[in-house]
Amino acid sequence: MADYKAPLRDIRFVLNEVFEADALWQSLPGLDGAIDAETADAMLEEAGKITSQTIAPLNRSGDEEGAQWNAGEVTTPSGFKAAFKTYAEGGWVGLGGNPEYGGLGMPKTLGVQVEEMVYGANNSFALYPALTAGCCLALDAHGSEELKQAYLPNMYAGIWSGTMCLTEPHCGTDLGIIRTKAVPEADGSYLVTGTKIFITGGEHDLTENIIHLVLAKLPDAPAGPKGISLFLVPKFLVNEDGSMGERNPVNCGSIEHKMGIKGSATCVMNFDSARGYLVGEVNKGLNAMFTMMNYERLSIGIQGIGCSEASYQSAVDYARERIQSRAPTGAVQPEKAADPIIVHPDVRRMLLTMKAMTEGSRAFSTYVGMQLDISKYADEPESKKKGEDLVALLTPVAKAFFTDVGLENCVHGQQVFGGHGYIREWGQEQLVRDVRIAQIYEGTNGIQALDLMGRKTVANGGAFFKVFAEEVRNFVTENSADAMAEFVQPLAKAIANLEELTAGVIERSKSNPNEVGAASVEYLHVFGYTAYAYMWAKMAKVALSKAEADEIGFYSAKLGTAKFFFQRLLPRIHSLSESVNAGSESLYELDAVQF
Amino acid sequence: MPEYKAPLRDMHFVMDEVLDFAASYEAYGLEDASPDLVNAILEEGGKFAGEVLAPLNRTGDEEGCHIDDGVVTTPKGFKEAYQQYVDNGWGSMTGSTEYGGQGLPFSLGLVISEMVASANYAFSMYPGLSHGCSAAISAHGTQEQKDQYLSKLTPGTWTGTMCLTEPHCGTDLGLIKTRAVPESDGSYKITGTKIFISCGEHDMAENIVHLVLAKLPDAPAGTKGISLFIVPKFLLDANGEKGERNTLKCGSIEHKMGIKASATCVMNFDDATGYLIGEANKGLNCMFTMMNHARLGTGMQGLCHGEASYQSALVYAKDRLQMRSLTGAKEPEKAADPIIVHPDVRRMLLTMKAFNEGNRALTYYTAQLLDQAHYSKDEGERANADALLAFLTPICKAFMTETGMEVTSLGMQVFGGHGYIREWGQEQQMRDCRIAPIYEGTNGIQALDLLGRKVLGSQGKLLSAFTKQVHKFCQANEGNSQFAGELAKLNQLNTQWGEITQSIAGRAMQNREEVGACSMDFLMFSGYVIHAFMWLKMAIVAQQQLAAGTSEEDFYKAKVATQSFYFKRLLPRAQAHVEALNSGADSLMDMTAEQF
């Protein structure tokens with residue numbers, strides 16, 4: 001299989017040529033000159049090196065070896081520890097972290113590119129710093145100054161890692177019914193008791209301490225989601241002077257036997273009157289989680305992009321080398337026993353589907369990253385509000401669509417290999433297994449869809465949607481001429497379709513709340529394809545403008561891929577819309593007993 | 001620990017009420033397969049599958065096969081289970097009575113295979129490969145070859161394999177390098193390496209009969225130079241019993257994504273003794289004889305995993321409490337409502353149910369045609385069945401496995417995080433299913449066969465043979481007001497089918513790339529239309545039963561409701577495929593290989 005190479009050319013195209021990130025960064029007062037084009041480029045180059053040279057080579061071996069549990073201790077696969085150290089020393093764990101506490105304060109538009117590379121190189125490895133970064137986000141937003149000083153610097157430096165402990169055996173989606181308890185101590189700390197499951201990186205041998213953020217309920221807490229508080233529970237208590245203290249009674253009871261991401265230790269964590277510290281306000285634990293939810297959703301969505309890219313690179317390589325049968329229009333390489341399979345239309349269909357969706361995802365990920373940066377760092381209220389609205393609307397789309405598309409892509413990437421795609425040594429089947437979890441965790445894609453359809457659309461009468469639609473319409477109006485027509489015409493139709501679809505769901509749900517859930521997943525897919533139509537139109541515009549400077553046909557490839565997207569993939573919105581418009585009736589004609 | 005219960009009620013619904021297998025058995029002189037016997041066989045088969053085979057599915061996956069110097073051991077319990085399978089006569093059901101078989105219809109054998117495979121797919125591959133081997137020998141062997149080998153293969157005492165693929169060729173068998181050199185005694189010496197040989201080596205039977213594609217020294221190039229040889233692991237002694245070890249060996253077994261209990265072997269033939277079967281240079285023709293059966297069996301794999309996945313998902317969705325129904329708590333005394341109340345969970349379950357039951361109907365419909373092609377006394381009827389089979393089997397293979405993948409993925413998703421954990425069994429169904437779109441001819445190859453060779457190659461005749469069936473059905477049910485909308489929809493799609501074919505044919509005359517550019521979307525469109533046909537057949541039968549008064553209202557109402565879901569929420573996808581294929585080949589072919 002092809003060795004993973006960070007797709008720097010395409011990343012630079014999206015970041016610099018399509019979204020002009022540097023101009024954006026300079027315009028955001030909150031970023032305060034933290035980054036410029038040169039620094040960004042150097043970072044991308046370095047990220048490319050470390051991911052392909054240090055992290056990717058551990059991907060197959062990590063999958064075969066897996067994390068191992070022995071009497072509460074967990075060892076990661078060979079090489080992970082050293083690689084994590086190298087990664088941490090490069091400052092990568094704290095890339096997006098608060099500079100006040102040692103983070104690099106890099107904007108999300110840059111962060112998403114690095115995240116894609118790490119996931120593309122090695123999903124299991126990527127999760128250790130990813131969970132740590134998520135943990136830091138919550139702590140930075142809601143922790144007391146004392147807690148932040150004590151924990152963030154070492155976490156940003158990758159000396160300590162972090163986890164998010166939410167799920168319990170009986171609840172993942174429905175966190176209101178958690179049973180983990182926190183009992184207040186006289187000194188202001190708490191004793192936390194309970195069992196959490198599916199804790200990524202809950203125990204391992206990469207760092208000397210592990211900082212758990214744990215959702216638990218106080219003794220007198222109200223029932224349901226409004227009674228959840230957030231606590232910081234370290235594996236080793238930390239002394240006043242910052243040195244490591246006593247071992248806290250938090251233990252890994254076992255690790256899961258999973259389909260994939262086998263190098264990531266997925267732990268059952270038992271808290272047995274473990275000492276913890278309140279983060280944020282009492283009974284506002286879920287609110288604290290929600291702050292970083294948008295970043296987390298985008299991050300996990302990016303797992304889908306990383307896997308797609310890795311699968312694609314190998315598939316193209318294979319398709320250019322593997323000779324089998326002859327081209328339909330006559331032998332293309334008659335001196336060989338057969339033609340490379342890339343000559344076959346159906347193989348091209350699979351490759352182009354992967355290419356169009358991966359590049360579309362990369363553009364959309366950068367676009368959503370931009371909205372996160374605008375909403376965080378802009379000070380002009382209207383821009384800030386627009387950024388926030390788009391973040392709210394688009395992050396569930398990003399999480400669910402990148403990962404649903406990611407599975408389809410990886411399955412195509414496996415299929416291109418024929419029988420060899422099923423053999424572990426070739427690496428393609430691992431990507432399918434690894435990407436599959438991304439549709440489930442961090443809120444299942446069904447939950448993302450409910451969030452998009454219900455909370456973010458129906459609940460506000462489509463207000464956020466209008467913000468997005470207006471931006472798309474303006475683009476259409478400003479770019480309708482000549483060569484752009486073939487892209488903006490279908491885009492205009494698509495956004496009109498989505499508008500109609502949205503109105504339909506809003507109307508139907510007035511009389512029946514089940515209409516929201518009946519529409520949600522397919523609505524999200526229509527949204528995704530429509531958003532990608534916008535992204536492809538933007539990319540086509542840049543490619544058209546650079547037709548003269550088309551080294552190695554990069555820009556004409558962009559145009560070719562754009563055409564494929566509009567002709568072959570975007571039409572899916574019509575079928576999906578028809579299904580959405582059929583409503584909830586056919587879902588409820590059966591009683592549970594009739595299934 | 002996942003359980004499997006053979007879905008006998010649904011199997012009987014399709015066999016008895018929709019397709020009337022009993023009538024066709026009688027018509028083809030297969031009265032031995034009486035309704036009583038069929039009921040008993042299905043009952044026993046269900047027990048065997050659920051009680052003996054299903055419990056070995058998870059353990060077989062965790063343990064996998066092992067190899068030590070060419071000797072392969074299967075997971076614990078497999079050898080004993082196979083012995084029980086053989087002793088109870090499951091392997092010999094459809095074999096000729098001449099050789100210890102029971103002479104029961106193919107279609108009945110397929111129904112039993114569905115249960116065996118659903119319970120434990122890897123296990124089912126051992127007898128499954130044997131059937132293919134037997135079928136080839138039965139169709140093309142000399143009397144002596146049949147006497148020698150079928151007597152052992154039919155009861156399952158020996159197993160068989162199909163050795164076609166080599167490291168550099170799977171699809172393009174014309175490139176094979178395995179050689180066969182004639183010996184003076186009429187046998188041949190076979191030398192070469194085959195890969196991806198399912199069940200090529202194992203510990204479950206005392207001999208393994210390999211069917212091997214190889215080229216004679218003076219063979220023409222390409223596919224016209226392939227011959228087929230019987231190459232047994234142990235040569236036969238004078239008494240036809242297991243004799244000397246032949247010079248062939250399993251070099252290694254693959255490390256796969258799934259079907260781990262099936263030993264997928266590299267077979268090295270080193271001047272191994274083999275015997276020509278069929279005519280020289282007609283090896284592929286021999287293979288094609290069983291192609292319809294093989295494709296249907298492989299297509300059925302999508303149903304097998306889909307059914308097992310659905311059973312578990314349904315149990316989970318009724319038990320797992322999470323959140324409240326948005327229309328008010330349905331079980332307020334519990335901490336939360338069972339997730340089956342949620343619309344999106346229902347959408348996933350109904351998608352699984354619709355595809356599974358539609359695939360079952362399509363499988364059995366096609367199996368009945370296999371019966372007709374093989375057993376009918378009327379030559380015209382046999383020819384008609386052959387034509388329909390030529391058209392349907394690539395669709396069965398590809399559509400049922402693509403939908404099987406979607407179903408098994410949904411079956412994981414219903415479980416949330418637990419779906420990703422091996423102990424719950426759902427992720428194994430998806431991993432095991434994933435091979436089905438690849439082997440027995442990739443789905444892309446099936447699509448090319450359907451559109452290129454079968455439909456366009458017959459100037460549309462093979463398509464119209466089927467659309468006529470659909471048209472007759474729509475006409476016969478014209479007055480049915482309950483399903484007027486759906487019947488009109490099916491009729492419209494049936495017409496559209498012909499139109500898009502004509503359009504493709506026109507484009508293909510100018511540019512041969514148009515065929516491959518449209519093939520997969522054409523196949524998927526076809527599958528959706530055929531499912532619509534199957535669903536209307538089933539819904540109308542259900543409607544009749546409900547009208548006549550029945551004690552099984554729930555069962556029949558569910559059929560009508562699932563049909564409704566299929567038409568409203570799944571069938572619309574057919575149009576996306578039409579739009580994609582109508583866009584033509586340019587967007588696929590304009591870019592250079594370097595631009596990818």
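# Briefing: core, domains and helix packing

The UniProt annotation "domain: Acetyl-CoA dehydrogenase-like C-terminal", from an unreviewed entry, covers residues 468-591 of chain A. UniProt positions follow the numbering used here, feature names are shortened, and annotations may be inferred rather than shown by experiment. This is a predicted model: local features need pLDDT of at least 70, side-chain atom pairs count only at pLDDT 80 or more, and totals for chains, interfaces and linings use all residues. Residues are numbered from 1 along each chain as its sequence is written, chains are lettered from A and ligands numbered from 1 in the order in which they are written, and side-chain values use heavy atoms, leaving out hydrogens and water.

**Annotated domains**

- Residues 468-591 of chain A are 77% helix and 0% strand, and their end C-alpha atoms lie 39 Å apart. Helices (H or I, at least four residues) and strands (E, at least two) are DSSP runs, numbered from the N terminus.
- UniProt, in an unreviewed entry, places "domain: Acyl-CoA dehydrogenase/oxidase N-terminal" at residues 40-158 of chain A. That span is 66% helix and 5% strand, with its end C-alpha atoms 21 Å apart.
- In chain B, the unreviewed UniProt annotation "domain: Acyl-CoA dehydrogenase/oxidase C-terminal" covers residues 281-449. Its end C-alpha atoms lie 22 Å apart, and the span is 70% helix and 0% strand.

**Nonpolar core**

- The largest nonpolar core has 410 residues. Such a core is a set of buried Ala, Val, Leu, Ile, Met, Phe, Trp, Tyr and Cys residues joined through side-chain atoms within 4.5 Å.
- Helix α17 (residues 513-548) of chain B gives the largest share of this core, 21 residues.
- Phe364(A), Phe468(A), Phe527(A), Phe565(A) and Phe391(B) have the most contacts inside the core.
- Phe527(A) touches residues including Leu393(A), Leu394(A), Phe465(A) and Phe468(A), not counting residues up to four places away in sequence. Contact means heavy atoms within 4.5 Å.

**Helix pairs**

- Two packed helices are described by the angle between their axes and the distance between the axes. Axes are lines fitted to C-alpha atoms, for helices over the stretch in contact, and angles run from 0 to 180 degrees between N-to-C directions.
- In chain A, the axes of α9 (residues 285-321) and α11 (residues 381-415) come within 8 Å and cross at roughly 20 degrees. That makes α9(A) roughly parallel to α11(A) (angles under 35 degrees count as roughly parallel, over 145 as roughly antiparallel, 65 to 115 as roughly perpendicular and the rest as oblique).
- In chain B, α10 (residues 291-319) and α11 (residues 343-375) pack at about 150 degrees, with their axes 9 Å apart. α10(B) and α11(B) are therefore roughly antiparallel.
- Residues of α10(B), among them Leu296(B), Met300(B) and Tyr310(B), meet residues of α11(B) including Leu349(B), Met352(B) and Arg360(B).

**Two buried loop residues**

- Gly176(A) sits in the loop between β3 (160-165) and β4 (181-184) of chain A. At 7% relative accessibility, Gly176(A) counts as buried (under 20% relative accessible area is buried, over 50% exposed, in between partly exposed; 1.4 Å probe, protein chains only).
- Gly176(A) touches Lys217(A), Gly224(A), Pro225(A) and Ile228(A), leaving aside residues up to four places away in sequence.
- Ala263(B) lies in the loop between β10 (248-253) and β11 (264-277) of chain B. Ala263(B) is buried, at 0% relative accessibility.
- Neighbours within four places in sequence aside, the contacts of Ala263(B) include Cys65(B), Val72(B), Tyr126(B) and Ile253(B).
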